[in-house]
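Subject: Handing over a structure, with notes on side-chain contacts

Dear colleague,

I am passing on the structure below, together with some notes on the contacts between its side chains. Please read the notes with the structure open beside them.

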Amino acid sequence: MTTETFSSISDWPTGGFPGVRTNPDTLLPAIVNEEVMQSALAESSDPADRIMALMLEGHPGEAAELLAEARYNDPESFKLRIFEAELHRATNRFDRAVELFRQLLGEVHGTAKEPIVHQYLGRAYFVAGNHVAAAESFTRALDLRVALAADASLIYSSAVALQRARNVLEFAS
């Protein structure tokens with residue numbers, strides 16, 4: 001079995017927001033520098049950023065309230081729709097999270113947003129214990145990110161997630 005060694009948190013893939021990284025074992029975002037995250041939040045006017053922070057801080061109820069208000073004001077926001085599905089994933093409603101991500105996939109197929117949704121869908125599958133589907137989603141996200149010449153940090157994030165899913169599958173067999 002191949003194992004990845006992460007010598008420090010700085011090796012963890014980016015979490016998409018300052019002070020946040022993706023834990024390579026759980027594939028979930030984690031606050032690694034509260035001060036940096038809070039500073040970025042103070043400068044942000046995007047409600048999705050606060051929703052993300054509330055979920056990471058373990059306040060899904062508050063995140064849901066803010067999300068409902070933000071979605072009312074901007075019902076078509078891609079980022080808010082991602083966080084709606086993520087909120088379901090974070091509260092262990094995996095079937096609903098997968099359903100929302102798959103619906104988004106149908107809408108963004110063939111666009112630059114498709115690999116983003118595959119990455120989130122893979123994470124939902126992984127956390128739910130469906131490692132085969134997770135590996136398939138991470139493979140698709142990685143392939144699309146490479147084909148689109150995405151930022152290296154995004155490609156790295158997909159590669160780490162795919163390797164983790166494969167490691168779990170290999171260990172289970």
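In these notes a residue is called buried when its relative accessible area is under 20%, exposed when that area is over 50%, and partly exposed in between, using a 1.4 Å probe and protein chains only. By that scale Glu57 is partly exposed, because its relative accessibility is 28%.

Please keep in mind that this is a predicted model, in which local features need pLDDT of at least 70 and side-chain atom pairs count only at pLDDT 80 or more, while totals for chains, interfaces and linings use all residues. Residues are numbered from 1 along each chain as its sequence is written, and side-chain values use heavy atoms, with hydrogens and water left out.

Salt bridges

A salt bridge here is a side-chain nitrogen of Lys or Arg within 4 Å of a carboxyl oxygen of Asp or Glu, and the structure holds nine of them. One of these joins Glu57 to Arg50, with 3.9 Å from N to O, and Arg50 is partly exposed at 34% relative accessibility.

Another is formed by Arg81 and Glu107, whose closest N and O atoms are 2.6 Å apart. This pair links distant parts of the chain, since Arg81 lies in helix α4 and Glu107 in helix α5, 26 residues apart; helices are DSSP runs (H or I, at least four residues), numbered from the N terminus. Arg81 is buried, with a relative accessible area of 16%, whereas Glu107 is partly exposed at 45%.

Asp46 and Lys79 also meet in a salt bridge, at 3.0 Å from N to O. Asp46 lies in the loop between α1 (34-43) and α2 (47-56) and Lys79 in helix α4 (residues 78-90), so the pair ties together parts that are 33 residues apart in sequence. Asp46 is partly exposed at 29% relative accessibility, and Lys79 is partly exposed at 36%. Together with Asp49, these two residues are linked in a network of salt bridges.

The aromatic pair

A search of the whole structure finds one aromatic pair, where pairing requires that rings of Phe, Tyr or Trp (its six-membered ring) have centres within 6.5 Å, and planes under 30 degrees apart count as stacked, over 60 as edge-to-face and the rest as tilted. The pair is stacked, because the rings of Phe101 and Tyr120 have their centres 5.9 Å apart and their planes at 25°. Phe101 lies in helix α5 (residues 94-108) and Tyr120 in helix α6 (residues 114-128), so the pair ties together parts that are 19 residues apart in sequence. Phe101 is buried, with a relative accessible area of 0%.

Key: Helix = DSSP H or I, 4+ residues; strand = E, 2+ residues; numbered from the N terminus.
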